Amino acid sequence: SHKIILDTDPGIDDAMAIFFAFQSPEIEVLGLTTVFGNVPVEMAAQNALTLCELAGKDIPVCKGVSRAWVGKESTYAHFVHGDDGFGNINFPPATKAKLDPRSSAQFIVDMARQYPGEVTIVAIGPLGNLALALRLEPELPKLIKGVSIMGGAAFVQGNVTPVAEANIWNDAYAAEIVFAADWEVTMFGLDVTLQVPFSLEFLNKLKACNQKFGGFVHDAAQFYVEFYSEHRADKVCFFHDTMPLAHLVDPTLFEFQVGHARVSTDPLNIGQTSIAPVNSTTSADWLNARQIKVATQVDIQRITQLYLDTYAR
Ligand code: BDR
Ligand code: CA
């Protein structure tokens, strides 16, 4: 099975993703590392503990960076995820589970050293912990199997600005460090995550097949659906963060394009992920930008069924 570190800012779709990982025998979660993003980092850490306690999972949960690598003050997405990060469902916070004393970045480095070449980092929040881990251990890329990111918008519009997706926009300088490092990056951006809407009917099914996890996601996601319905005619939501995990379980769900990647740090288009498909340019600057794999298509039918089957286990 895949050893992973799940770097997260829970978050409703983060919760959906974390339970999916816990339910998948193909995935071994070594620990949850948390980061500011949807909510402040203290709340992200507490929420991660709460999800672990609910799941009866005694794994390390670490607190990470509370603000962007450079410049901007943190802003949060309470209007998307609720005051509690879980759609205002008043879920009782964990009481027994305790935080690991290490920082998220230190935990990433420790696991990479303990299992050289075996660990995949799955990052479903802003990328500050990964950038910091690269600073703590410059050899980190050699020790890590791969980095799977939910973030960015390669060939589609952004969701925070016309060109930037939230996770990358939240910490663009960190993202540029992570994209430029000498490891294998696979990006699951809005290109694929917005291809798969989840209806109220899906949420009902999820609850019916798993009261504990499905019920939690069903209840939390009602607020999330309301947020999306402000901009749409139908009642759906998007579980962005599940996609890199679904890929670990079934790589055939996705199609990819390989391209040279840059993250903009210019004020106007800060956080934009620009991808130059291989062979699309002879510019030396572009050719110097590292190649990553960008997910461009997902099998909607099969991935939706995978979530139901996995929750039903
Ligand atoms: C990403 O931003 C957060 O709101 C979600 O949890 C997801 O990680 C989507 O843009
Ligand atoms: Ca997230």
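**Legends for close-up views of a predicted model**

**View 1. The overall fold of the protein chain.** Of the 313 residues in the protein chain, buried ones make up 51% (buried: 20 or more other C-beta atoms, placed from the backbone, within 10 Å of the residue's own; exposed: 12 or fewer; partly exposed: in between). This is a predicted model, in which local features need pLDDT of at least 70, side-chain atom pairs count only at pLDDT 80 or more, and totals for chains, interfaces and linings use all residues. Residues are numbered from 1 along each chain as its sequence is written, while chains are lettered from A and ligands numbered from 1 in the order in which they are written. You will find 14 helices and 11 strands here (DSSP runs numbered from the N terminus: H or I of at least four residues for helices, E of at least two for strands). The C-alpha trace spans about 55 × 45 × 40 Å along its principal axes.

**View 2. The surroundings of ligand 1.** Take a look at the 15 residues around ligand 1, the closest being Gly11, Asp13, Ala166, His240 and Asp241 (near: C-beta atom, placed from the backbone, within 6 Å). Helix H1 (12-23) and helix H7 (166-170) each contribute at least two residues to this shell.

**View 3. Asp110 in its helix.** Asp110 sits in helix H4, which covers residues 104-114. Asp110 is buried because 20 other C-beta atoms lie within 10 Å. Ala181 is 71 residues away from Asp110 along the chain, and the C-alpha atoms of the two are 18 Å apart.
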